[in-house]
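Me: I have a model open and would like to go through it with you. Could we start with the surface and then move on to single residues?

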Amino acid sequence: MQGFGKSLIVMGLVIAAVGVLLTVAGKIPWIGRLPGDIYVKRDNFTFYFPLATSILISLVLSLILWLLRK
């Protein structure tokens with residue numbers, strides 16, 4: 001049961017970190033506007049895919065999880 005308890009604590013910390021990130025993300029002007037984010041605007045159509053932002057978030061989360069495993 002010790003392993004399960006540690007897993008719950010880590011999941012709780014990750015959820016809290018994501019919550020803080022979502023709260024602060026609106027105040028960081030470059031989040032969502034990185035070079036590599038795809039933005040297409042036409043007359044009646046807008047398409048936005050944050051590719052570079054998604055890759056950056058994935059790298060940061062992977063680094064955090066890697067550090068927590070050590």
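Me: Which helices each supply at least two residues of the nonpolar patch?
Reply: In this predicted model, H1 and H2 each do so.

Me: Which one gives the most?
Reply: H2 gives the most to the nonpolar patch, with seven residues.

Me: Which residues form that patch on the surface?
Reply: The nonpolar patch consists of Val10, Val18, Leu22, Trp30, Leu56, Ile57, Val60, Leu61, Ile64, Leu65 and Leu68. Together they have about 900 Å² of accessible area.

Me: Take Leu22. Is Leu22 buried or exposed?
Reply: Leu22 lies in helix H1. Leu22 counts as exposed because its relative accessibility is 63%, and the cut-off for that class is over 50%.

Me: And Thr23, where is that placed?
Reply: Thr23 is also placed in helix H1. Its relative accessible area is 58%, so Thr23 is exposed.

Me: What does the side chain of Thr23 reach?
Reply: It reaches the backbone oxygen of Gly19, at 2.8 Å.

Me: What separates the C-alpha atoms of Thr23 and Val10?
Reply: They are 20 Å from each other, with the two residues 13 apart along the chain.

Me: Changing topic: where is Thr53, and is Thr53 buried or exposed?
Reply: Thr53 belongs to helix H2, which covers residues 51-69. With a relative accessible area of 7%, Thr53 is buried, because the cut-off for buried is under 20%.

Me: Which residues does Thr53 touch, leaving out those up to four places away in sequence?
Reply: Thr53 touches Ile31, Gly32, Arg33, Leu34 and Asp37.

Me: Where does Arg33 sit?
Reply: Arg33 is in the loop between H1 and strand S1 (38-41).

Me: How far apart are Arg33 and Thr53, C-alpha to C-alpha?
Reply: The distance is 7.7 Å in space, for residues 20 apart in sequence.

Me: Beyond neighbours within four places in sequence, what is Arg33 in contact with?
Reply: Arg33 is in contact with Tyr48 and Thr53.

Me: Last topic, confidence. What pLDDT does the protein chain average?
Reply: The average is 86, and 100% of the residues score at least 70.

Me: Which elements have the lowest and the highest mean pLDDT?
Reply: Helix H1 (residues 2-25) has the lowest, at 85. Strand S2 (residues 46-49) has the highest, at 92.

Notes
Residues are numbered from 1 along each chain as its sequence is written. This is a predicted model: local features need pLDDT of at least 70, side-chain atom pairs count only at pLDDT 80 or more; totals for chains, interfaces and linings use all residues. Side-chain values use heavy atoms; hydrogens and water are left out. pLDDT is the predictor's confidence in each residue, from 0 to 100. Helices (H or I, at least four residues) and strands (E, at least two) are DSSP runs, numbered from the N terminus. Buried means under 20% relative accessible area, exposed over 50%, partly exposed in between (1.4 Å probe, protein chains only). Contact means heavy atoms within 4.5 Å. Patches are made of residues with over 30% relative accessible area and no salt bridge: like charges are joined within 9 Å, nonpolar side chains (Val, Leu, Ile, Met, Phe, Trp, Tyr) within 5 Å. Accessible areas come from the Shrake-Rupley method with a 1.4 Å probe; for residues, only the protein chains shown count as cover. A salt bridge is a side-chain nitrogen of Lys or Arg within 4 Å of a carboxyl oxygen of Asp or Glu. A polar contact is a pair of N or O atoms within 3.5 Å; within protein, one must be able to donate a hydrogen and the other to accept it, and residues adjacent in sequence count only if both atoms are side-chain atoms.
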